[in-house]
Structures are given as C-alpha cells and as structure tokens.
Amino acid sequence: MDEAVASFPDNASLMIPGFGPGQPTNLLAALWRTNATGLTTISNGVGFESADPDQKGLGDLVMAGRVKKVIAAFTASTRPSRTGTAEALVANGTLEAELVPQGTLAERIRSGGAGIPAFYTPAGVGTETATGKEHRDFNGRAFVMETALFADYAFIRAHKADTAGNLLFRRAARNFNPIMAMAAKNVIVEVEQPIVEAGEIDPDQVHVPGIYVTTLVRIPVGGVLHINRATGMAIRQTA
Amino acid sequence: MAEEKQPLTRDQMAAVLAQNMGYGWIVNLGIGIPTNVSNFLTPDQEIVLHSENGVIGYGRLAGEGEEDPDIVNASATQPVTLNPGASIVHHADAFAVIRRGMIDVTCLGAYQVAPDGSFANWKTTNEPWNNLGGIGGAMDLASCAKQIYLAMEHTTRDGEPRLLEKCSLPVTAPSGVTLVVTNIAVVAVRNGKFILEQHAPGYTAEEIQAVTGAPLEVSPDFRRVAV
C-alpha cells in the first residue's frame with residue numbers, strides 16, 4: 001500500500017468512494033503515513049477521526065490540516081447535537097467546504113468521467129444550494145446547471161480484479177467506485193480478493209474496464225477488509 | 001373516561017408510514033425513523049425499496065448473524081437483507097432512478113414543514129451559508145419523487161412547533177410534502193393546507209392544534225392511529 005501512494009504529490013485532488021462499505025481504507029491509511037498535504041477531496045461525507053492507525057482516513061487528514069477543500073454531500077454532522085469534523089476548520093477559515101446534493105455530486109463525477117462538462121438537474125432548485133447558479137427551464141420546469149468533477153487521483157476499493165485492471169465490486173460496496181474510477185487521471189485500486197490473470201474474469205461481468213486503472217494492490221494479510229459498524233473494530237484480511 | 005396519552009414510538013411512526021404505501025410502489029427510505037419502515041412492510045404490498053447507494057429491492061433490517069458488511073441501507077451503516085429479485089447499480093445510476101421519476105414516495109426526517117409542502121431538513125441555523133450541512137440525497141429525492149412523506153417529532157425539545165405557516169430554516173424543497181407522521185398526529189398536506197387525519201392514543205384535535213404552528217383542518221375521518 002505504501003508503495004502505491006509513495007509518489008502522491010502535494011495539492012492534488014482525490015476522489016474517495018464509500019458509503020459505509022466500499023471505502024479504500026488501506027490506501028487512505030497509507031496516504032496518512034505520507035507527508036502529502038494541500039488536498040482537495042471529493043467524497044460523499046467527511047467522516048470522523050479514528051484512533052486505529054489502520055483506519056486513518058479523510059476525517060484524520062482534514063483535522064490534521066492536510067486538506068484545503070472538501071467537496072461532499074455531508075460537510076457537517078447530520079446530528080444537530082454532534083459537531084462535524086470540518087465545522088471548526090471552516091469557521092476559522094483553514095478549510096473550504098463545498099456542499100453538494102448527493103445525486104448532483106454523483107452526476108458531477110459521472111459527467112467528469114464521461115467527458116460532459118456540465119448538466120442541468122432539478123435537485124436544489126428553490127434552495128440555497130442553487131443560489132447564484134445558472135438556471136434554465138425545460139418543458140416548463142426549472143433546472144440548475146452543475147459542472148463536472150475530474151480529479152488527479154482516485155482511490156478505489158474493488159472486490160475482484162484481473163491483471164488487465166478489470167474491476168468487479170460487491171453489493172453496495174460498488175456505490176461511487178465505478179464512476180470515480182472513470183473520473184480521475186491516476187486510479188489506484190485496493191483489491192479484496194487475489195488478483196487473477198487477465199482472461200479469468202468474464203468480459204460481460206466487468207464493472208470498470210482495466211483501461212482506467214493505473215495501479216492495483218491486493219489488500220495484504222492483516223489489512224482492513226471491513227469495519228464492524230457496531231464496535232468500530234476492523235475486520236482483517238486473513239489469507 | 002379519556003384514554004391515557006401515548007405518543008407514538010419511532011417504530012410506530014415507521015409502521016404508520018408503511019400503512020400509507022400503495023401496492024407495488026418503489027419507495028426510498030431516508031436516514032432515521034424512515035429506515036425502520038422496511039420492518040413493517042408486508043409481502044402482499046409488493047413494495048420495492050430503493051436506496052441512494054444503489055441497492056434496489058432490499059428487505060427488512062438484517063438480524064443477528066444475517067449481516068453482510070457490503071449490504072446496507074441509506075444510513076450507510078444499518079445492514080439490511082436483499083429480497084429475491086434485488087439488483088445493484090452504482091451511485092450515479094441510483095440517482096438516475098430518482099431523477100427519472102421512478103420513486104413513488106420518499107420518506108424523510110425533517111426539522112420543519114409548512115402547508116405549502118415545503119420542508120427543511122439539512123441545516124439547523126439561518127446564519128449565512130458557509131457550505132456546511134448534511135444534505136445527503138434529500139434534495140434530489142424531494143425534487144423528483146412523486147410524493148414526500150415526513151417522519152418527525154411534532155415539536156422541538158423545547159416544545160416549539162415544527163409544523164409551521166412557513167419554514168424558518170432554509171428549505172430542502174419548496175414543495176412536494178403530502179404526508180407528515182409525528183409522534184402525536186398524522187397530517188395530510190393538500191391544497192396548501194394541513195389536514196389532521198389521525199391522532200396518537202389520548203390526544204384530541206385541540207391538543208394537537210395547540211402545539212402546531214399553523215391551522216389544522218380536522219378531517220371528517222379524524223381517528224386514532226391503528227398501530
């Protein structure tokens with residue numbers, strides 16, 4: 001993992017998938033161990049800090065001041081009683097946040113990977129999130145223009161991969177992974193299962209073609225496969 | 001003798017939401033009370049549950065030993081079961097389903113709701129917006145689902161009404177709410193009015209009106225909730 005992120009530069013933009021499952025936990029912990037700073041991140045949420053060195057992730061990078069901007073659907077805690085990770089840093093001006101409706105976020109990423117510079121969506125029309133943005137009516141309904149996102153890097157979590165870089169995801173761990181893999185220049189993938197030879201994955205079953213993938217790393221023994229949400233404990237790769 | 005006052009539990013509120021689902025509907029359940037609705041749907045309703053994370057056709061919450069860490073609902077943490085015929089799409093396609101207008105009803109939590117069908121659930125202050133908030137998929141869902149059902153406490157912790165003439169917090173959508181299930185009442189939202197349809201055990205229309213910040217029209221069919 002450390003080798004895969006060794007040349008990660010400062011001031012890069014990074015796509016981070018995950019919605020519960022599907023987070024590239026091991027690559028993020030490896031990035032934490034580098035000195036990379038000045039990040040712009042694109043993710044569903046910002047998350048929280050972790051005490052476990054193997055679960056260090058976006059929340060930790062933000063709190064350490066290594067992120068200059070987050071683009072997310074959750075930039076603050078969803079619970080009024082609980083202060084979110086980014087809130088104090090935004091208040092004192094050390095972090096910039098851009099809050100995006102989740103479907104708009106997903107479509108901005110998909111568009112980035114599909115070569116579409118902008119699109120119109122009804123989401124957010126009539127709310128603060130659409131203020132100051134270009135509006136246009138189609139068939140009598142108001143839409144707001146949103147622009148595509150494309151990043152320097154994407155960290156991806158795959159279930160299976162072959163040596164050609166073809167990827168498969170499992171269940172709801174798919175979430176943002178396929179669209180982020182298509183919307184970044186450098187795509188680094190951590191893989192749960194042993195990487196098989198090219199040809200061993202049926203072409204009809206491939207979720208992301210290998211042409212998008214820069215680097216593949218199998219999650220090593222002891223690496224984090226899942227987080228037990230009830231206990232916060234890591235479930236680790238055993239073989 | 002008057003019945004003892006018994007506010008609805010979160011599970012009972014979820015059960016009321018489940019009673020209001022039509023046959024064969026495609027339904028999206030938001031974080032909070034709505035996620036529990038999946039436990040109260042009956043097989044004969046043939047509801048298809050859709051989640052923002054791309055799971056289409058999930059079932060009740062997973063019991064002990066049934067959990068799969070890769071199968072969760074919109075909370076991103078609660079493990080759920082998959083029904084036969086379930087399918088998985090990526091996040092952008094999950095929202096393509098939403099924007100295409102496939103969702104018959106989205107059930108969401110909320111801080112405030114008004115008779116014009118507007119509601120607020122993403123920001124708890126009116127301070128100038130600094131781009132902080134927990135918006136999730138609510139705006140996409142609210143602008144594209146055929147109906148919006150809300151599940152919320154009838155008042156704030158300080159006893160202030162949450163059903164108001166006009167939302168004082170920034171709105172999630174300027175219209176679209178059709179049903180509000182609170183811990184003491186079931187209120188339909190139609191033609192710019194709140195219509196009081198049902199009450200929790202022991203609550204009168206006058207008592208519900210007293211903690212509501214907008215006029216309630218009492219339905220001719222006003223009755224006790226059946227959960």
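The legends below describe close-up views of a predicted model.

**View 1. Confidence of the predicted model.** For the complex, the predictor gives an ipTM of 0.96 together with a pTM of 0.96.

**View 2. The open sheet of chain B.** Chain B contains an open sheet formed by 10 strands, which follow the order 4-3-2-1-5-8-9-10-11-12 and pair in a mixed fashion. At the edges stand strand 4 (80–88) and strand 12 (216–224) of chain B, each of which pairs on one side only. From one strand to the next, the twist averages 30°.

**View 3. Strands 5 and 8 of chain B, with helix 1 lying across them.** Strand 5 (residues 105–109) and strand 8 (residues 147–151) of chain B pair in the parallel sense, and five bridges join them. Within this pairing, B:Cys107 stands opposite B:Tyr149, a residue of strand 8 of chain B. Helix 1 (residues 10–19) of chain B lies across strand 5 and strand 8, and also across strand 9 (177–181) and strand 10 (185–190), while running at about 160° to strand 8 of chain B.

View 4. A disulfide is a covalent bond between the sulfur atoms of two cysteines. With a cut-off of 2.5 Å between cysteine sulfur atoms, the count comes to zero disulfides over all chains. B:Cys107 is in no disulfide, and the nearest cysteine sulfur, which belongs to B:Cys144, is 16 Å away. B:Cys167 is likewise in no disulfide, its nearest cysteine sulfur being that of B:Cys107, 18 Å away. Because buried means under 20% relative accessible area, B:Cys107 counts as buried with a value of 0%, and B:Cys167 counts as buried with a value of 9%.

**View 5. The largest nonpolar core and the surroundings of B:Val113.** The largest nonpolar core holds 65 residues, and those that touch the most other members are B:Met21, B:Val113, B:Phe119 and B:Leu150. Helix 1 of chain B gives the most to this core, contributing five residues. When residues up to four places away in sequence are not counted, B:Val113 touches a set of residues that includes B:Phe119, B:Leu150, B:Met152, B:Leu163, B:Leu164, B:Val177, B:Val180 and B:Phe194. B:Val113 also touches B:Cys167, the buried cysteine of the previous view whose relative accessible area is 9%.

How values were computed. Residues numbered from 1 in each chain as written. Chains lettered and ligands numbered in written order. Predicted model: local features only at pLDDT ≥ 70, side-chain atom pairs only at ≥ 80, totals over all residues. Heavy atoms only, no water. Pairing = 2+ DSSP bridges. Helix = DSSP H or I, 4+ residues; strand = E, 2+ residues; numbered from the N terminus. Axes fitted to C-alpha atoms, helices over the stretch in contact; angles between N-to-C directions. Contact = heavy atoms within 4.5 Å. Buried < 20%, exposed > 50% of the residue type's maximum accessible area, 1.4 Å probe, protein only. Core = buried A, V, L, I, M, F, W, Y, C linked by side-chain atoms within 4.5 Å.
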